[in-house]
Amino acid sequence: MGTFKTLLFMLLILHSSVAGGAVYLKYKDPKQPLNVRINDLLHRMTLAEKIGQMSQIERATATAEAIKKHFIGSVLSGGGSVPAPRASAETWMNMITEMQKSALSTRLGIPIIYGIDAVHGHNNVYRATIFPHNIGLGATRDPALVRQIGAATALEVRATGIPYVFAPCVAVCRDPRWGRCYESYSEDPKVVEQMTEIIDGLQGTVPANSRKGVPFLAGRKNVAACAKHYVGDGGTYKGINENDTVIDLHGLLSIHMAPYYLAIIRGVSTVMVSYSSWNGVKMHANRRLVTDFLKNTLRFRGFVISDWQGIDKITTPPHANYSYSVTAGISAGIDMVMIPNDYTEFINDLTDQVESKIIPMSRIDDAARRILRVKFTMGLFENPFPDPSLVDQLGKQEHRELARDAVRRSLVLLKNGKSADAPVLPLPKKTGSILVTGSHADNLGYQCGGWTITWQGLGGNNLTIGTTIFEAIKATVDPTTQIVFSEDPDAGFLERNHFSYAVVVVGEQPYAETFGDNLNLTIPEPGPSLIRTVCGSIKCVVVVVSGRPLVIEPYVGVMDAVVAAWLPGSEGQGVADVIFGDYGFSGKLPRTWFRSVEQLPMNVGDRHYDPLFPYGFGLTTKPARAQQ
């Protein structure tokens, strides 16, 4: 009889829990402690659902069927991957909403996390504010400014319904021949450490009493961040992308690891592993650094993500032994794998290896637990869909003003006059005529650089919305001053006109990653010829638009003034603001300006240090009105 009563009681409880068709699930209850929710969900998940969470696939392959069938945990946009050309914020939101509906319709209803590269603003998206690349922000030496940029970027990313960004890059670039050097704030790890404050802007500031190493997200106006590329990506031999960083443990920890300490303290949600190697060991297969050091020693509790097809590149050539790559990458401690297109091969291979006990279930559980921890922390279970009220944040004027201010502060004045007592800058707004010339003077794409709308970047003025340097100059000078633009004038043109001044804007064309590796680092022609022609006959200001220092010593003598503008982004007005004296020059070199590439690598503190302009150099000027 007692057994019957017990059974009846249990049936009554079960009936009450499903009344109205709703089953109480702890993991869906936001009032439950975080670990209770994680454990409850993890215990309900099958192997297929756990491996699905570990899989990040590309937007173009993320069909409703794929998401449902494979329980996909994450989707990304690769560089230039958009739902439609010039897609609106609403179009982005609609796409993500449909993907999220597919994820939520699965048995356990685990939401996807959508990620995108937002490395200098929301750079894949038309009309977004494009901030200066990191090298320019490093020149500002202003962590508070960078935090504001992080917050503005988060709002613009959320305006398209995306909650996760593959930023910041906290590489310490030690050789400017590297094609990603502009993604690094500085050659000095101390500056890169300071600039990890951008994480506070992206994610919000971790409460003072919270545990260190635990992922954090303040709310729906913030995004999960990703510190990358772990570790040593900026120290490869000759700056060759994805190559080997040959350095002892002390050097690795004191130079390249340094920014990660602070990123983890700031509650960064994810860490992306580098394609590169450390002393011959691929980082994607380096258990010592990923699991033993990052997870166990530094007690990082977010998830570790691979780079694009990163485990494929564990072997040379890539994908030569994929089964081995899966074993090595997952065993090293990678939790989420970026397998943009051939995701079924990864899912099947990893499933076989777990079932064959090559990879222990405990490793899969660790990965799934970390991914779920980030998703719960982000509030994705409570708010999985985009917030339409944030649409107007994309390209907001307030953000453009912030970017313009960042441009002003990033400019480094390398030379001002052929003698100290005869400065050329600031230029007068009211003068006879000014020649604006050079390949980069009226080219929005060039001044934005790589990782802008497309992966490699593009030239021209139809890329996105912004102001070129030439347009900015026209808008700044007195109405009586004649502004003439000629991209590549000859000597005859200069003789026929009597210009008061010339502003020569030259530099590198856009590039990203390996395509930017460069052993010469010269200004492409006709830049050098133009400098000699124009500066030989007109008082000239040369503005160098580049992702790194370039060879300028052969013609620095003929230039009256030289400005390093880096890759300023969409708000070229900031350049004119300073050149014409509304604001003063204040930027300092974030990296050493070498004389010749034969000196490289050369960084501050080296014994053979003999730069053209040393690290930290930067002349200053006062606003013109302050001088009157």
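Start by selecting strands β5, β7 and β10, which form an open three-stranded sheet in the order β5-β7-β10 with parallel pairing. You are looking at a predicted model. At the edges sit β5 (226–230) and β10 (303–305), each pairing on one side only. From one strand to the next, the twist averages 25°.

Now pick out residues 270–273, strand β7, which pairs with β10 in the parallel sense over three bridges. Show Met272 and look across to β10 for its bridge partner, Ile305.

Next, move to another sheet. Select β4, β3, β2, β1 and β11; in that order they make up an open sheet of five strands, again described by parallel pairing. Which strands are at the edges? They are β4 (164–165) and β11 (337–338), and each pairs on one side only. Helix α5 (residues 89–104) packs on this sheet, where it touches β2 and β3 (113–116). Its direction makes about 140° with that of β3. Zoom in on β1 (residues 55–58) and β2 (residues 74–77), a parallel pair held over three bridges. Ile57 has Val75 in β2 as its bridge partner.

For a helix pair, select residues 322–332 (α13) and 343–355 (α14), whose axes are 10 Å apart and which pack at an angle of about 70°. The two helices are therefore roughly perpendicular to each other. Show side chains to see who makes the contact: α13 brings Tyr322, Ser323, Val326, Thr327 and Ile330, while α14 brings Glu345, Phe346, Asp349, Leu350 and Gln353. Sorted by class, that contact has five nonpolar, three polar and two charged residues.

Now zoom out and colour by annotation. UniProt, in an unreviewed entry, places "domain: Glycoside hydrolase family 3 N-terminal" at residues 46–374. Over that span the chain is 40% helix and 10% strand, with the end C-alpha atoms 20 Å apart. The UniProt annotation "domain: Glycoside hydrolase family 3 C-terminal", also from an unreviewed entry, covers residues 411–620. Here the figures are 17% helix and 16% strand, and the end C-alpha atoms lie 10 Å apart.

Finish by colouring on confidence. The chain averages a pLDDT of 96, and 96% of the residues score at least 70. Where does pLDDT stay under 50? Select residues 3–20, for which the model has four contacts beyond four places in sequence.

Terms used. Residues numbered from 1 in each chain as written. Predicted model: local features only at pLDDT ≥ 70, side-chain atom pairs only at ≥ 80, totals over all residues. Heavy atoms only, no water. Axes fitted to C-alpha atoms, helices over the stretch in contact; angles between N-to-C directions. Helix = DSSP H or I, 4+ residues; strand = E, 2+ residues; numbered from the N terminus. Parallel < 35°, antiparallel > 145°, perpendicular 65-115°, else oblique. Contact = heavy atoms within 4.5 Å. Nonpolar A, V, L, I, M, F, W, Y, C, P; charged D, E, K, R; others polar. Pairing = 2+ DSSP bridges. pLDDT = per-residue confidence, 0-100. UniProt positions renumbered as here; feature names shortened; annotations may be inferred.
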